[in-house]
Structure formats: C-alpha cells, structure tokens
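Here are my notes for someone opening this one for the first time. Have the model up beside you as you read.

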Amino acid sequence: FFSSHSSFCLRRPARYCLRMSPNVTAPLFRFGVIADVQYCNCDDGTNFDGSVKRHYRGALSALGKAVDDWNSIEDLRFIAQLGDVIDGKCEKFGQSESDLADVMAQFQRCNVQEIYHCIGNHELYNFARWQLAQKLRTIRGPHKKEFYSFSPASGWRFIVLDPYQEAIIGLPIGSAPYAKALTELQQNNPNDVLHGGDWCAGLKGDQKRWVPYNGGLGDEQLEWMQRELHEAAAAGEQVVILCHVLLHPKAGAGSTMAFDFDKALSIVHASNCVVAVLCGHDHTGGYVQDDAGVHHLTFPSPLNEGDKAPCHAHVEVYPDRLEVIGSGVVPSRTLTRAPSLMSGGAVH
C-alpha cells in the first residue's frame with residue numbers, strides 16, 4: 001500500500017497527497033472535467049483573427065492524457081465534458097462521424113463510463129439534435145429533455161443545461177425558438193448574423209453576447225431550473241451547474257454568455273443552494289466569484305495547447321468546498337461554499 005501511494009503522489013500536487021493521508025477526511029466523491037476538445041483530423045490552424053494557434057490533432061492527444069490521468073484516480077464517479085468535443089471543421093471536411101468516433105474511443109478507455117456531455121455550438125455544427133441524443137446521450141431525465149439533473153451522492157445535485165434551446169444553430173429554420181433567437185440577435189447586433197464576418201464589431205460590454213455562436217436557455221428551461229433549485233434547497237442539497245456557455249460575463253472575455261444569462265443568474269441567486277457553475281466555450285478560461293458567493297469557473301480548451309501541456313482537471317467534493325485539481329494549464333482552485341449556503345440547509 002505504501003509503495004503504490006508513494007508513486008501515486010509523485011504524479012500529484014503536494015496538497016493533493018496531503019489530503020490522501022489517513023488523518024485527513026476523504027472527499028465525498030470525485031469527478032473529471034474537460035472542455036472544448038474540438039478535435040478535427042486536420043492540420044493546425046488559427047482562430048478567427050489569426051491570433052491563437054489551434055492544434056486540432058493535438059487536442060485528441062490531450063484528451064488521451066486526461067483519460068490516463070482520470071484512470072489513476074480512485075472513486076471517480078463521472079466525467080463532465082462541457083461541450084464542443086469536436087470542431088465545426090469536421091462537418092466541412094465530411095468527417096464528423098469518423099472524428100467523433102476517434103474522440104469516443106478515448107472516452108471509452110475511461111474506467112468510469114458515466115460521462116455527461118454538454119451540448120456546445122460545435123456539436124450542433126456537426127449533428128442534428130436527434131443524432132446527438134443517440135451518440136452522446138444528451139437527452140436524459142424523466143422529462144426526456146436536453147436539460148436534466150442527476151445526483152452522484154447524497155446531498156448533491158448536478159444540473160446540466162442546454163444553452164441553445166433558443167438559437168440560430170441546431171434548430172429548424174422558422175421554428176419558434178429559432179425565430180425568437182434571430183429576432184433578438186438582429187435587434188441587438190447591427191452586423192450580419194446570418195453570414196460570416198466580425199460579428200462582434202461595434203458591440204460593447206454585455207452586448208457582445210449577441211452573436212450566433214451563443215444561444216439562450218429559454219423560458220421553459222429557466223422555469224424548470226427554478227423548480228429544480230427550489231427542490232434542491234428544500235432538500236438541503238448543494239448544487240453544481242454544468243453548461244457549455246457562461247452564465248456570468250466576468251467568467252470569461254465577455255462575449256461567450258447565454259443570451260438570457262441575467263435571468264439565469266437571478267434564479268441561481270434566489271435559490272441560495274448553488275455552489276458553482278462550470279462552463280467551457282471561452283478557450284482561455286476564466287473565473288469569478290459573484291456577489292452572491294457563487295463560483296463561476298470556465299475551463300480552458302486543449303485546442304490551444306495540443307501536445308504542449310495537459311488541459312483537464314478533476315474535482316474533489318467535500319461537504320464545505322470543491323477542490324479543483326488542475327493539470328497543465330488548468331489552475332487548481334478551492335471553491336469554498338459561501339457563508340449564506342452554510343446556514344441554508346443540512347449538509348449530507
């Protein structure tokens with residue numbers, strides 16, 4: 001036992017190994033996290049303005065390293081894949097199926113097979129929603145929707161959101177949610193949102209969210225989330241939200257939020273039971289703890305790093321905090337439960 005523990009610690013930050021000591025309380029459970037793999041079997045490229053190199057094949061190697069790391073961790077309950085698992089280029093090259101198969105082959109190596117795939121814009125560039133339901137199990141829960149909740153342990157509820165319930169991607173042209181999204185985009189963005197170009201030109205502050213690669217949660221999902229959080233609070237549960245698109249403008253560069261992030265935040269704050277919101281979408285990552293004490297953590301993309309550095313994490317869940325154990329470019333963080341939550345119900 002000593003030998004295996006010693007070699008295990010060599011691969012972990014010192015503070016992680018201290019928590020593995022018999023004298024330190026073990027976490028309730030652990031889960032893995034990765035965001036925006038955006039793999040494509042093609043040569044490297046750049047982002048829209050050419051300022052950041054994108055390592056399309058290297059991103060798959062980064063995912064493989066993440067799987068190797070997760071497989072070395074005890075009591076890993078699930079993996080949270082925060083969206084954009086393959087890139088939109090896959091559809092352009094006619095290789096959506098084969099590239100997704102490459103990605104899924106890596107996930108299938110995981111010792112833990114419970115993987116929750118968030119819907120990102122790049123999934124919707126490649127597949128219809130019914131296809132995503134078959135390939136990534138994006139529809140779950142008793143109501144059979146793309147937004148749902150699950151409980152990996154007593155006292156904890158995870159809520160998975162679909163930030164494209166109202167969008168101009170992934171929905172039939174002319175449908176009510178498509179029409180609403182298009183109207184809002186055209187009212188708030190003077191640029192041509194139906195064709196390529198600099199969609200952010202002239203936009204400032206929170207207005208930068210009105211671009212086609214974002215979307216809205218929509219009234220139905222917001223009402224459902226409000227009910228879920230009310231039930232969680234009444235049961236004394238703590239909540240973590242998983243979503244591809246950001247719910248707070250300061251958790252990223254300011255252009256990757258949901259259209260109706262303000263409504264979502266109001267619901268989150270009123271519930272007094274949400275510990276953290278974990279997102280992707282903004283490739284450089286970000287973090288903010290808002291005025292209500294909710295942690296908003298955005299995970300960076302392996303696409304920016306490729307083979308150069310790992311880009312994933314796992315999270316240890318304790319009664320009073322989340323310990324994010326980052327690997328490579330993902331920083332480690334302690335997300336402590338806000339004082340208002342500490343007096344807001346039973347801790348299991």
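The points below go through a pocket, some aromatic rings and a handful of individual residues.

1. Some housekeeping. This is a predicted model, in which local features need pLDDT of at least 70 and side-chain atom pairs count only at pLDDT 80 or more, while totals for chains, interfaces and linings use all residues. Residues are numbered from 1 along each chain as its sequence is written, and side-chain values use heavy atoms, with hydrogens and water left out.

2. Start with the largest pocket, which has a volume of about 1,300 Å³. Among its 39 lining residues, Asn47, Phe48, Arg54, Trp199 and Tyr213 are the closest to the centre. (On a 1 Å grid over the protein atoms alone, a pocket is an open set of points where a 1.4 Å probe fits, with protein on both sides within 12 Å along at least five of seven lines; lining residues have an atom within 4 Å of a point. The volume is the space filled by probe spheres set on the points, which are joined across faces, edges and corners.)

3. What is the lining of the largest pocket made of, by class? There are 14 nonpolar, 16 polar and nine charged residues. (Ala, Val, Leu, Ile, Met, Phe, Trp, Tyr, Cys and Pro count as nonpolar, Asp, Glu, Lys and Arg as charged, and the others, Gly among them, as polar.) Helix 4 (89–92) and helix 6 (121–126) each supply at least two lining residues. (Helices, H or I with at least four residues, and strands, E with at least two, are DSSP runs numbered from the N terminus.)

4. Now the aromatics. The count is 13 aromatic pairs. (Rings of Phe, Tyr and Trp, the last by its six-membered ring, pair if their centres lie within 6.5 Å; planes under 30 degrees apart are stacked, over 60 edge-to-face, the rest tilted.) Elsewhere, ring pairs link Phe29, Phe31, Phe78, Tyr116, Tyr148, Phe150, Trp156 and Phe158 into a cluster.

5. Is Trp199 buried, exposed or partly exposed? Trp199 is partly exposed, at 23% relative accessible area. (Buried is under 20%, exposed over 50%, partly exposed in between, with a 1.4 Å probe and protein chains only.)

6. Gln221 sits in helix 9 (residues 218–234) and is buried, at 2%. Leaving aside residues up to four places away in sequence, Gln221 touches Phe147, Leu161, Asp162 and Gln165. (Contact means heavy atoms within 4.5 Å.)

7. Phe127 is in the loop between helix 6 and helix 7 (129–136) and is buried too, with 7% relative accessible area. With residues up to four places away again left out, its contacts are Ile86, Ser96, Glu97, Leu100, Leu132 and Lys135.

8. Most residues other than glycine have a negative phi. Asp84, however, has a positive phi of about 60°; this residue is in the loop between strand 4 (76–81) and helix 4, buried at 1%. His281 also has a positive phi, near 75°. His281 lies in the loop between strand 9 (274–279) and strand 10 (286–289) and is buried at 8%.
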